[in-house]
Amino acid sequence: MIRKLIIAVIATSASGFTPPISTALLRQQYRLFSSSDKHDLDSSALIGSFDPMNLADGIDDSSSPSIHRAAAIAAATAALVSSPLAANAAGPDWGVFEGRTGSLLHPISMFGMAALSASTALLGFQWRRQRTIGDEISALKKIIPNLNGASSVSEALAAAEGAETVDSGYIATLKSALSIESQINDLTIERKELASQGNRDKHFNQGSLLLFIGIAFAIEGPLNTYARAGKLFPGPHLYAGAGLVVLWALAASMVPAMQKGSDTARTVHIGANLAGIGLFVWQISTGIPILLKVIEFTKWP
């Protein structure tokens, strides 16, 4: 903005400068000065404006003042653009992002992401439990003997014991099925409780949030390091962080196939997330020394 203002001032005041004398005219006057008495030549004839870029070469002295004005503007613009101040700029000032406040965003967010990863994994296993518990109930129901129209094993047992003809073998079978019926009832109650918690939607929402914030601050960390130090520091922490982002992307890419019932996709999804959590825990041990250095070499804000 300041540079544009300076150029505008120079452009408006360019008419106040003396039009540059062409190099050809100066050479002609120099020859006249060399061949005659130096005192006979008017010294004012050799006075010209500052023309380090020889912009006056090839310009006819009889040309209009607008040409000289354009030449002066061009010279001033070139001088400003190529000035050492512009060439040797130290770079942008990132302000708070470059200080301790911005530097602590990455570690604080990653501690939060570690806790969120554990919570999301727990919700995922609860949703998996809710989804697979029906298979256990179905398998147990196949073991229960014929109830002869009764709604439960206990009801069938009461009817069998009160019948005119008592079948002791059938009664024994029904008594052994009472524990199975109890298991079915417990599993049914558990499934209803899990369904009421909305674990499927919670797992999906937290997983999406983890993917977004995790990747955002995984990128923010190296950017902040580069803003402070002017370079990155490749090492286990950086490589493990990049691997963690890849695992997150792999787990998320399995969701469409999981929704179609692919057990292979579910296995890959669970494996990628468990590996990511393990990598996350290891990342904390490698990140703490970096955090201590950040606190040591940065200042508030």
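**Figure 1. What the largest pocket of this predicted model is made of.** Ala, Val, Leu, Ile, Met, Phe, Trp, Tyr, Cys and Pro count here as nonpolar, Asp, Glu, Lys and Arg as charged, and the others, Gly among them, as polar. Sorted that way, the lining of the largest pocket holds 24 nonpolar, 13 polar and two charged residues. The pocket itself takes in about 1,000 Å³ of space.

**Figure 2. The residues and helices around the largest pocket.** Look for His-106, Gly-221, Thr-225, His-237 and Ile-290: out of 39 lining residues, these sit nearest the centre. At least two lining residues come from each of α5 (100-143), α8 (199-229), α9 (236-253) and α11 (263-297). The biggest contributor is α11, with eleven residues.

**Figure 3. A look into the second largest pocket.** Its volume is about 860 Å³. There are 31 residues in the lining, and His-203, Val-255, Met-258, His-269 and Asn-273 are the ones closest to the centre of this pocket. Two or more lining residues come from each of α5, α8, α9, α10 (255-259) and α11. By class, the lining of this second pocket splits into 16 nonpolar, ten polar and five charged residues.

**Figure 4. Asn-148, a loop residue with a positive phi.** Asn-148 belongs to the loop between α5 and α6 (153-161). Its phi is near 55°, a positive value in a residue that isn't glycine. Is Asn-148 buried or exposed? The relative accessible area of Asn-148 is 58%, and exposed means over 50%, so this residue counts as exposed.

Definitions and conventions:
Residues are numbered from 1 along each chain as its sequence is written. This is a predicted model: local features need pLDDT of at least 70, side-chain atom pairs count only at pLDDT 80 or more; totals for chains, interfaces and linings use all residues. Side-chain values use heavy atoms; hydrogens and water are left out. On a 1 Å grid over the protein atoms alone, a cavity is a set of points where a 1.4 Å probe fits but cannot get out, and a pocket is an open set with protein on both sides within 12 Å along at least five of seven lines; lining residues have an atom within 4 Å of a point. Grid points are joined across faces, edges and corners, and a volume is the space filled by probe spheres set on the points. Helices (H or I, at least four residues) and strands (E, at least two) are DSSP runs, numbered from the N terminus. Buried means under 20% relative accessible area, exposed over 50%, partly exposed in between (1.4 Å probe, protein chains only).
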